[in-house]
Amino acid sequence: MKILVVDDEPLIGQYIVQCIRAADPLVEIVDAVTSGTKALKKLEDAPIDLVLTDITMPKMDGIELLRIIKTRYPATDVIMLTTMILRTHARQFRIRRAITS
C-alpha cells in the first residue's frame, strides 16, 4: 500500500509517518507534504492508494483536496485528520457532501 501524508505542520506530518512505520514497516510512505497543491502533484506523478490529510490547511483545505482527489483519482482512498474540533454541523455537512459528490 502506498500512502501520502498531507499536513501543513511538518512536524505533525513526520509524526504521522513515524506512527505508520511503527505500526507496519512494510507500508510504503510515498511522502509527507505540506499542502494540497503538493499532494496533487504527487498524485499526478504516481498512483497512491491512501491519502491521510489534515482538514484545516491554508489555501486549499482538506475538504477541497478530498473533492479534487475523488474527482480525478476515484480509486484513491482518503482519511481526513484534524486536531480541531468540528464545531458546526455545516462543516460536517460540507465533508459529507464532498465525499458523496
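User: What does buried mean here?
Analyst: Buried means under 20% relative accessible area. Exposed means over 50%, and partly exposed lies in between. This is a predicted model.

User: Take Thr53 then. Buried or exposed?
Analyst: Thr53 has a relative accessible area of 1%. The cut-off for buried is under 20%, so Thr53 counts as buried.

User: Where does Thr53 lie, and what does it touch?
Analyst: Thr53 is part of strand S3. Leaving out residues up to four places away in sequence, Thr53 touches Val6, Gly62, Leu65, Val78, Ile79, Met80 and Leu81.

User: Let me step back. How many helices and strands are in the chain?
Analyst: The chain has four helices and four strands. Along the sequence they follow the pattern β-α-β-α-β-α-β-α.

User: What percentage of the residues count as buried?
Analyst: The figure is 37% of the 101 residues.

User: And what share of the contacts comes from residues 24 or more positions apart?
Analyst: Such pairs make up 71% of the contacts in the chain with a separation of 6 or more.

User: How many residues are in the largest nonpolar core?
Analyst: That core has 15 residues. Leu4, Val6, Leu40, Val51, Leu65 and Ile69 have the most contacts inside it.

User: Which elements give two or more residues to this core?
Analyst: Strand S1 (2-6), helix H2 (36-45) and helix H3 (62-72) do. H3 gives the largest share, four residues.

User: Is there a second core, or what else? Which residues does it include?
Analyst: A second, separate core has nine residues. Among them are Ile3, Val17, Ile20 and Leu50.

User: Back to Val6. What is it in contact with?
Analyst: Neighbours within four places in sequence are set aside here. Val6 then contacts Val33, Ser35, Gly36, Ala39, Val51, Leu52, Thr53, Asp54, Met57 and Leu65.

User: Now H2. Which of its residues are buried?
Analyst: They are Gly36, Ala39, Leu40 and Leu43.

User: Which exposed residues does the face turned away carry?
Analyst: Thr37, Glu44 and Asp45 sit on the face of H2 turned away from its buried side.

User: New topic: pockets. How much space lies in the largest pocket?
Analyst: About 160 Å³. Eleven residues line the largest pocket. Asp7, Ile12, Asp54, Thr82 and Thr83 lie nearest its centre.

User: How do the lining residues divide?
Analyst: Four are nonpolar, three polar and four charged.

User: What about Ala32, where is its place?
Analyst: Ala32 is in strand S2. At 23% relative accessibility, Ala32 counts as partly exposed. Beyond its neighbours within four places in sequence, Ala32 contacts Val5, Gly13, Gln14 and Val17.

User: What separates the C-alpha atoms of Ala32 and Asp7?
Analyst: These two atoms are 7.5 Å from each other, while the residues are 25 residues apart along the chain.

User: Is Lys59 buried or exposed?
Analyst: Lys59 counts as exposed, at 92% relative accessibility.

Methods:
Residues numbered from 1 in each chain as written. Predicted model: local features only at pLDDT ≥ 70, side-chain atom pairs only at ≥ 80, totals over all residues. Heavy atoms only, no water. Core = buried A, V, L, I, M, F, W, Y, C linked by side-chain atoms within 4.5 Å. Buried < 20%, exposed > 50% of the residue type's maximum accessible area, 1.4 Å probe, protein only. Contact = heavy atoms within 4.5 Å. 1 Å grid on protein atoms, 1.4 Å probe; cavity = no way out; pocket = protein on both sides within 12 Å on 5 of 7 lines; lining within 4 Å. Points joined across faces, edges and corners; volume = space filled by probe spheres on them. Nonpolar A, V, L, I, M, F, W, Y, C, P; charged D, E, K, R; others polar.
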